[in-house]
Amino acid sequence: MKQSMTLIPTLREVPSDAEVKSHQLLLRAGFIRQNASGVYTYMPLGRKVLQKVEAIIREEMNNAGAAELFMPALQQAELWQESGRWYSYGPELMRLRDRHDREFALGATHEEVITSLVRDEVKSYKRLPLTLYQIQTKFRDEKRPRFGLLRGREFIMKDAYSFHANQESLDQVYDRLFQAYSNVFKRCGLNFRAVIADSGAMGGKDTHEFMVLSDIGEDTIAYSDTSDFAANIEMAPVTAVYEKSSEPANSLEKVHTENKKTIEEVSSFLQVQEKDCIKSLLFKVDDRQILVLVRGDHEVNDIKLKNFLEASVVELADVNTTKEVLGCSVGSLGPIGVENVEVFADHAVEAIVNGVCGANVEDYHFKNVNPERDFKVSAYADLRFIKEGDPSPDGQGTIVFAKGIEVGHVFKLGTRYSEAMNAVFLDENGRTQPMIMGCYGIGVSRTMAAVAEQFSDENGLVWPSNITPFDVHLIAVNMKDSDQAALAEELYSNLKDSGLDVLLDDRQERPGVKFADSDLIGLPVRITVGKKAGEGIVEVKIRKNGDMQEVHKDQLADTIKGILQEL
Ligand code: ATP
Ligand code: MG
């Protein structure tokens, strides 16, 4: 492609509203342009990267035995009403009406469409398992669209859905697609981890997220410093064992703690360690309240709480409810004497001896609190967030944290949709059964941004060779010089004939501008046609490490192919 014939509007200035590297660089290098908040045009260079990512995904999905189809983005409300998500999905689902006043949604995801399709077309176990996928635009009215392509309102997703007659078949396909996903992200050059995740509102069981490690990630990953254990911090189980000290239990004492609200304030005022304090929090769990206790140096993990109680909504009670139910404000809560709400505690609380907790009276706390002697709990469970330094749950090494960008998600759905939408089949014995399902997503446009986030330097983007928009940037320093112009044209057509994808900068621009743009765009190899054009010699520069060499035009194609293979 010649630059004079395409559109690559580079920018010198960093756009003011772009906070993260990938967003800034993709805008500056002319890969994307914003239309509306969270809505982007993929410019010719951006489109090429996407197509390469998509090609890798297609290859891996097809190899894993999935068949591609293409479903509508415009989806009738009836389907979403059948699954119940018309009512539960909330404002993220974009809704609209047609001229006959019928309601529709723009596809945020396609479980409903695919389940209704397979329900209609597949009736027998003989047609199962079946895995179908598509690469398509998704619409989600995100509360906070940001970071460019990383969180858009219109974005490209690869979504796959599998249908099974039994759990073993789902387990097999899940493993196969898990491997396919690992291959995809490896081939994109990404540094990622597959982490155990929360099944959340989707109501399934096994689920993994593929996380690209990055400081700007919105999720925290807890991983082992020695093994390959990794989990979303929401899910990482705590396996720490708490030793109870042999110190004798002293008698309970109520003390005045004027204006001491936080664990930090209370512990330093009473001269005890934070880990000897009991943090008590009132939660709203579906339609009741419960009191949750964790150690002062720990945090309640509301996802674990929700899963433990098998609840659908868990949230901290507001100030008024807390006052109403326990008679004081948040800083003075405690479990002693509480009878009107159930009390649950994290395992660590059980080991506390002579601890401190709130007295449910404003500005008062108890000292020498001993669980079981002074209060009872309904159950002890793993209810806290894991911390750095905790033992890794797989028994190998200790936990460290990293931030991650979720680029993919594999999920065992079970019968959540098939039951709601009556997607059934006849099994070998002629019995009607609901299909067992899995779903699998990759954020295609987000993956492109994640690569940009991981691969850049102070001069611009540095594309991994597998998904670069072009292999080679061919630059004639001076297009008015006839030797240079002629050699550039010659090389352009020879390199293309040899199978390389070449971007020729044939613009009448100053060399400085051309080089700066070239670094910004970040193709793996740059060829500069300059003073030695008459002798057929050009300069070859590797974008990643700046290595340069002079190469004769006859060896050029082979040299470049060698370089690309090694990158
Ligand atoms: P997130 O927690 O980031 O909102 P999600 O759990 O809503 O993601 P899924 O519904 O599992 O995401 O969608 C599958 C994949 O689509 C995600 O792994 C992610 O890569 C991508 N994705 C989700 N939302 C967006 C978005 N707003 N913009 C770009 N990609 C997205
Ligand atoms: Mg989301």
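Leu 523 sits in the loop between helix 14 and strand 29 of this predicted model. Helices (H or I, at least four residues) and strands (E, at least two) are runs assigned by DSSP and numbered from the N terminus. With a relative accessibility of 3%, Leu 523 counts as buried, where buried means under 20% relative accessible area, exposed over 50%, and partly exposed in between (1.4 Å probe, protein chains only). Setting aside its neighbours within four places in sequence, Leu 523 is in contact with several residues, including Thr 468, Phe 470, His 473, Leu 503, Ser 518 and Arg 543; contact here means heavy atoms within 4.5 Å. Look at Arg 543 in particular: Leu 523 and Arg 543 are 20 residues apart in sequence, and their C-alpha atoms are 6.8 Å apart in space.

Residues are numbered from 1 along each chain as its sequence is written, while chains are lettered from A and ligands numbered from 1 in the order in which they are written. Because the model is predicted, local features need pLDDT of at least 70 and side-chain atom pairs count only at pLDDT 80 or more, while totals for chains, interfaces and linings use all residues, and side-chain values use heavy atoms, with hydrogens and water left out.

Now follow the chain onward from Leu 523. Strand 29 (residues 525–529) pairs with strand 30 (residues 537–542) in the antiparallel sense, over four bridges; two strands pair if DSSP finds at least two bridges between them. Within this pairing, Arg 526 has Lys 541 of strand 30 as its bridge partner. Strand 30 also runs antiparallel to strand 31 (residues 548–552), and five bridges join them. Here Val 538 stands opposite Val 551 of strand 31. The hairpin of strand 30 and strand 31 has five residues between the strands, and Gly 546 in this hairpin takes a positive phi near 80 degrees.

Is Arg 507 buried or exposed? Its relative accessibility is 18%, so Arg 507 counts as buried. The side chains of Arg 507 and Asp 517 are joined by a polar contact of 3.0 Å. A polar contact is a pair of N or O atoms within 3.5 Å; within protein, one must be able to donate a hydrogen and the other to accept it, and residues adjacent in sequence count only if both atoms are side-chain atoms. Apart from its neighbours within four places in sequence, Arg 507 is in contact with Gln 3, Met 479, Lys 514 and Asp 517.

Next comes the ligand. Which residues are closest to ligand 1? Of the 14 residues that surround ligand 1, the closest are Glu 142, Arg 151, Gly 152, Glu 406 and His 409; a residue is near a molecule or strand if one of its heavy atoms lies within 4 Å of it. Strand 21 (399–414) and strand 8 (154–164) each supply at least two residues of the shell, and strand 21 gives the most, with four residues. An N or O atom in the side chain of Arg 151 is 2.8 Å from an oxygen atom of ligand 1. A polar side-chain atom of His 409 lies 2.9 Å from an oxygen atom of ligand 1, and a backbone N or O atom of Gly 152 lies 2.8 Å from a nitrogen atom of the ligand. Taken alone, ligand 1 exposes 590 Å², and the protein buries 82% of that; accessible areas come from the Shrake-Rupley method with a 1.4 Å probe, and for residues only the protein chains shown count as cover.

Some backbone details are worth a look too. Most residues other than glycine have a negative phi, and most peptide bonds are trans. Phe 147, in the loop between strand 7 and strand 8, has a positive phi of about 60 degrees although it is not a glycine. Asp 286, in the loop between strand 14 (278–285) and strand 15 (288–295), has a positive phi near 50 degrees. The peptide bond from Leu 128 to Pro 129 is cis, with omega near 0 degrees.

Finally, take in the whole chain. Its secondary structure comes to 15 helices and 31 strands, and buried residues make up 53% of its 567 residues.
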